[in-house]
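The following exercises concern the structure shown below. Each task is followed by a solution in steps.

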Amino acid sequence: MKNSGSKPRKSERLMALVAVALLLFCPPLIIVIDRLPSLNIGWLPLYLFCAWAVVIGLTAWLMEYRADR
């Protein structure tokens, strides 16, 4: 039997995920990452790839998560 509170909880988690994604990709943070001292390594592409992978992973986990677990 499903919990009647699982639907609102899922939408709250999705809104939190959107907020995290907005924070990860906000221009001030990207500018800070872009201006890090590099040792022949471009930090910006690495940061963008990792942040995007985290957002995709959290989205997949959240959409597959079941309340009965």
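**Exercise 1. Determine how many helices and strands the protein has, and in which order they follow.**

Step 1. In this predicted model, the secondary structure consists of three helices and zero strands. Helices (H or I, at least four residues) and strands (E, at least two) are DSSP runs, numbered from the N terminus.

Step 2. Along the sequence, the pattern reads α-α-α.

Step 3. Residues are numbered from 1 along each chain as its sequence is written, and side-chain values use heavy atoms, with hydrogens and water left out. As the model is predicted, local features need pLDDT of at least 70 and side-chain atom pairs count only at pLDDT 80 or more, while totals for chains, interfaces and linings use all residues.

**Exercise 2. Describe how H2 and H3 are arranged and which residues meet.**

Step 1. The axes of helix H2 (residues 27-34) and helix H3 (residues 43-64) come within 8 Å and cross at roughly 135°. Axes are lines fitted to C-alpha atoms, for helices over the stretch in contact, and angles run from 0 to 180 degrees between N-to-C directions.

Step 2. H2 is therefore oblique to H3; angles under 35 degrees count as roughly parallel, over 145 as roughly antiparallel, 65 to 115 as roughly perpendicular and the rest as oblique.

Step 3. From H2, Leu29, Ile30, Ile33 and Asp34 meet Trp43, Leu44, Tyr47 and Leu48 of H3, where contact means heavy atoms within 4.5 Å.

Step 4. The residues of this contact comprise seven nonpolar, no polar and one charged. Ala, Val, Leu, Ile, Met, Phe, Trp, Tyr, Cys and Pro count as nonpolar, Asp, Glu, Lys and Arg as charged, and the others, Gly among them, as polar.

**Exercise 3. State what share of the protein counts as buried.**

Step 1. Of its 69 residues, 10% count as buried.

Conventions:
Buried means under 20% relative accessible area, exposed over 50%, partly exposed in between (1.4 Å probe, protein chains only).
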